[in-house]
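Okay, hi everyone, thanks for having me.

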Amino acid sequence: MINIASPKEDIYKKSVESLIEEIERCDLLGIDDLVMHPGSYLDTTEEIGIKKIIDTLNDIFEKTHQLKARIALETTAGQGTNLGYKFEQLAEMIDGIENKERISVCMDTCHIFAAGYDIRDKKSYEKTIKQFDNIIGLSYLRAMHLNDSKMEFGKKRDRHEHLGEGYIGADAFKFIMQDERLNNIPKLLETPKERDGINMDKVNLALLRKFHKS
Ligand SMILES: [Zn+2]
């Protein structure tokens with residue numbers, strides 16, 4: 001597991017090496033954005049963790065300056081010492097990055113919901129998107145992970161559920177699929193793959209497609 005905020009030297013070194021390899025792989029495959037959780041600060045502090053992430057990314061972008069792939073920092077649920085559960089933290093990281101062309105954000109619906117950003121009704125959905133835009137900027141949003149949540153709102157627990165079957169509910173996914181600002185953003189499912197022998201990706205995808213058309 002990559003953790004570029006880790007105070008443990010061996011894990012940190014391995015994380016940096018793996019991340020560079022991943023960026024090289026993205027370049028070979030023509031992938032624009034590499035999604036990654038920003039990192040966990042463990043026994044240090046939030047501030048030290050954020051600084052370590054910024055310094056490491058600047059260093060990695062410098063080392064891979066001939067490559068184009070961006071790193072998309074994923075919004076997290078805020079479990080344990082994971083960073084990136086507040087839009088302000090992601091904004092601070094982006095702010096510290098010298099080459100802004102190499103940085104972006106991936107919004108995970110389950111994670112932001114767990115972190116206290118509501119999207120269950122139209123009003124709160126609009127508020128959350130507006131907050132994202134004001135604090136981070138929608139121009140940095142390059143990917144979305146669409147997952148419902150097995151956990152209640154604001155619990156800071158990361159447990160994915162099939163769309164419409166969790167505490168977020170189907171409406172949020174309708175708002176997303178009908179939001180023109182998000183039309184060109186790649187959206188990915190990270191929901192459980194199978195249930196009773198049924199390919200659940202097909203079921204979840206069908207729901208998204210229906211919302212997109214209706
Ligand atoms: Zn995700």
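So, let's start with V35, which stands opposite A72 in β3. Bear in mind that this is a predicted model. The strands behind that pair of residues are β1 and β3, and β3 covers residues 70-74. How many bridges join β1 and β3? There are 4, and the pairing runs in the parallel sense.

Now let's step back to the sheet. In what order do the strands sit? Reading across, you get β1-β3-β5-β6-β9. That makes an open sheet of 5 strands, with parallel pairing. Which strands are at the edges? Those are β1, at 33-36, and β9, at 187-189, and each of them pairs on one side only. If you follow the sheet across, you'll see it twist, by 30° on average from one strand to the next.

Okay, on to the whole chain. Counting everything up, there are 7 helices and 11 strands. The C-alpha trace spans about 45 × 35 × 35 Å along its principal axes.

Why look at the radius of gyration? Because a compact globule of 214 residues would have one near 17 Å, and this chain has 17 Å, so the two agree.

What about the inside? Buried residues make up 35% of the 214 in the chain.

Notes. Residues are numbered from 1 along each chain as its sequence is written. This is a predicted model: local features need pLDDT of at least 70, side-chain atom pairs count only at pLDDT 80 or more; totals for chains, interfaces and linings use all residues. Two strands pair if DSSP finds at least two bridges between them. Helices (H or I, at least four residues) and strands (E, at least two) are DSSP runs, numbered from the N terminus. Axes are lines fitted to C-alpha atoms, for helices over the stretch in contact, and angles run from 0 to 180 degrees between N-to-C directions. The radius of gyration is taken over C-alpha atoms; the globule rule is 2.2 Å times the number of residues to the power 0.38. A residue is buried if 20 or more other C-beta atoms lie within 10 Å of its own, exposed if 12 or fewer, and partly exposed in between; C-beta atoms are placed from the backbone.
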